[in-house]
Amino acid sequence: MKSALQYLAGALLLTSGALARPQELETLEPVTEDFSAAAGNAPGGGPIPPNKWVKRTWNGAEYKCKCYPGDSCWPSTKDWQRLNTTVGGNLQVNLPPAASCYNSFAGPLGTVNPYNAAKCAEVTANFPNEQFQIDLPTAGLWTYFTNDTCRPTTNPADTCTLGHYGVLYIKAQTVAHIQAGINFARDNNLRLIIRNTGHDFLGRSVGWGSLVINTHSFQSISTTNSWTGPGGYTGSAITVGAGVQAITALNHLHALNPPKIMVTGECATVGVAGGLPQGGGHGPLTNQQGFLADTALQFKVITAGGQLTTANANTNPDLFFALRGGGPAAFAVIVEATYKTFTDVPSAGIHVDITPANTNGDINLLWQAIRVFHSYSVAWVDAGLYVYYEIFGPTLHVHPIVGVGKTSAELLALVQPFFNDLTALGVTYTTTSHSYPTFHELYFAQFEAEVAGNSALTGGWTVARQDAIANGTAIVNAFRALGDAGAIMVGHMWNAGAIPQAEQAKSSINPRFRSVVDKIITIVPVAGNAPLSAKAAAQNLLTNVVDAGLRAASPNGAAYINEADPFQPNWQTAFWGTNYPALLTARSKWDPEGVFYAVSTPGTEDWSQIEYETRLCKAQPVGKGKGKKAKKARR
């Protein structure tokens, strides 16, 4: 049996090469600027050759599928060697993060013995650590969609397989490496995954049989006090490479004089140039500045045709619109993003906890307290407050209520009526409050670190303003029902409609989000390696019980593509509303062949992962094959 090093060297005879330094993106001149119809350029790279499609039949339906190991169209060893040379030796065969805990790893390209006690101990100790997982080349922070076939173990004789991790990966160091990877995947019709941090609930950072391009090496940051590009904005801005995380960007801005801030998610480990803006990007500053996508000034991207180009208000405006909330991994690969920044301000935060002990074990009384809490959602977001909370157990865990630009006294004055109502109910509570000289300091002090390595299905819905006012009791009843079903929920109270309407229309985010007062994530725990019947039951529970209750209680709500059930009914309307037709048009222009793919994004109606959620395939129209018309399958 081979060692891991022999496997990596021998499976593809990959050559070694010194890592190239990441190219400074601001010095790059886009190859093709204008992809308008008048210019006559084709950004998609042309049709996939017929011999690069693999015909499959599944459940009586006909499909044409991408190329996978074992297929005749899978690239030869020499093809992979040439790609490796092109990307400077940065192509590697992939092993799961915990492979070092096993005596044997059976991969699609061979079997190796990767056991290493020291590395296994390191992986086991750090498996829940987000940054540890982020720094790995192909890890998915939440493991359900990896199929969980190689978790850390104390028994090296256990079985470790690749599951749904990619087969090979490029640890890209330059734009040319990304271009080479996209071109190779397109020309060979391979499943392609673009991965920065792996911070994803929907499995979009992993894919069975895929080639992964890791963009985390792109760590460039620059700032300006006066943006001179298009769009009519002349204030301060930050430009970040594809790999930059919120923690790095925020610390860089905080070191300026005066300190600046930008819109990010509430989790500091999330990347700020990829899936976050393409999904919208909500966070603690959404009340003041909208979504991260609303603050975007420009993107430099690589298209499905492998061209480096610019998207902003003047150049490729349809692509710029689509990248601002139109869905991750759907239109192009962002290699650099520029956003508005804002002067930092003093801020305050409050933590609140209510457990069954605070109601003497009376669960009905605790749910009355939760109902009172949620009845303040409209008033709080209208006052500019951001509220992050969790309901589980049942316990109400509010960490924190944020007042940007407010003192503790000002924030407490807004929250005190809630405390008074709790006292009137006979409910005690635990609370703390604190003021900070800047929002930056509050952000890193008040928000709790998240944990990686868990396996669950994720869903969610939003509570619309009018529904919060008219259906408050029904909404909290839906919260209780999902808890009774074994789900956990995470809420985010904010108002993304405070920015001018003219600015709102520049992003492709569902217009319904402008009247949202609470965005909810629902979580149904289930093992990634559970039997298919158990997975199907969990998915049914999420779609048709947990989230269905929320949809019924807030019919004017919407779903957020980065934190929602991609298999919900009418996902096109739920995610993008009236903006969907424009996004579908953009997809047909920028990636007509499906070089990029993420579940339930514009233009993926005919795509499915068949054969037990493995092969990515496109349904054949009626008359093109002998079988019946394919129906949209899961994933």
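Me: Is Asn59 buried or exposed?

Reply: Asn59 is exposed, with a relative accessible area of 59%, where exposed means over 50%, buried under 20% and partly exposed in between, using a 1.4 Å probe and protein chains only. Please bear in mind that this is a predicted model, in which local features need pLDDT of at least 70 and side-chain atom pairs count only at pLDDT 80 or more, while totals for chains, interfaces and linings use all residues. Residues are numbered from 1 along each chain as its sequence is written, and side-chain values use heavy atoms, with hydrogens and water left out.

Me: Where is Asn59 found, and what is its phi?

Reply: Asn59 is found in the loop between β2 (54-58) and β3 (61-65); helices (H or I, at least four residues) and strands (E, at least two) are DSSP runs, numbered from the N terminus. Its phi is near 55°, a positive value in a residue other than glycine. Most residues other than glycine have a negative phi.

Me: What about Asn189, buried or exposed?

Reply: At 0% relative accessibility Asn189 counts as buried, and its phi is also positive, about 55°, although Asn189 is not a glycine. Its place is the loop between α5 (175-188) and β9 (192-195).

Me: Which residues of α13 are buried?

Reply: Phe439, His440, Leu442, Tyr443 and Gln446 are buried in α13. Seen down the helix axis, these buried residues fall within an arc of 165°, so they line one face of α13; the arc is that of the directions from the helix axis to the C-beta atoms.

Me: And what covers them?

Reply: The cover includes α6 (246-254), β13 (260-261), β18 (347-354), β20 (395-404) and β21 (430-436).

Me: How many aromatic pairs does the structure hold?

Reply: The structure holds 31 aromatic pairs, meaning rings of Phe, Tyr and Trp (its six-membered ring) whose centres lie within 6.5 Å, with planes under 30 degrees apart counted as stacked, over 60 as edge-to-face and the rest as tilted. Tyr144 and Phe145 form an edge-to-face pair, 4.9 Å centre to centre with 90° between the planes. Tyr144 is buried at a relative accessible area of 3%, and Phe145 is buried at 5%. The rings of Phe439 and Tyr443 have centres 5.8 Å apart and planes at 50°, so that pair is tilted.

Me: How many residues apart are Phe439 and Tyr443 in their helix?

Reply: They are 4 residues apart in helix α13 (residues 439-446), about one turn of the helix. An α-helix has 3.6 residues a turn, so residues three or four places apart point the same way. Phe439 has a relative accessible area of 2% and Tyr443 one of 3%.

Me: Which residue has its charged end over the ring of Tyr144?

Reply: Lys535 does, at 5.3 Å from the ring centre; a charge sits over a ring if NZ of Lys or CZ of Arg is within 6 Å of the ring centre and within 35 degrees of the ring normal. Lys64 likewise lies over the face of Trp53, at 4.5 Å from the ring centre.

Me: How many residues are in the largest nonpolar core?

Reply: It has 172 residues, and those with the most contacts inside it are Leu211, Trp380, Tyr389, Ile401, Phe418 and Phe479; a nonpolar core is a set of buried Ala, Val, Leu, Ile, Met, Phe, Trp, Tyr and Cys residues joined through side-chain atoms within 4.5 Å. Its largest share, 7 residues, comes from helix α10 (residues 363-375). A second, separate core of 8 residues includes Trp53, Tyr68, Val599 and Leu616.

Me: Last one: what is Ala452 in contact with, its neighbours within four places in sequence left aside?

Reply: Ala452 is in contact (heavy atoms within 4.5 Å) with Phe127, Pro128, Asn129, Glu130, Gln133 and Leu141. Ala452 lies in the loop between α13 and β22 (456-464), and at 3% relative accessibility it counts as buried.
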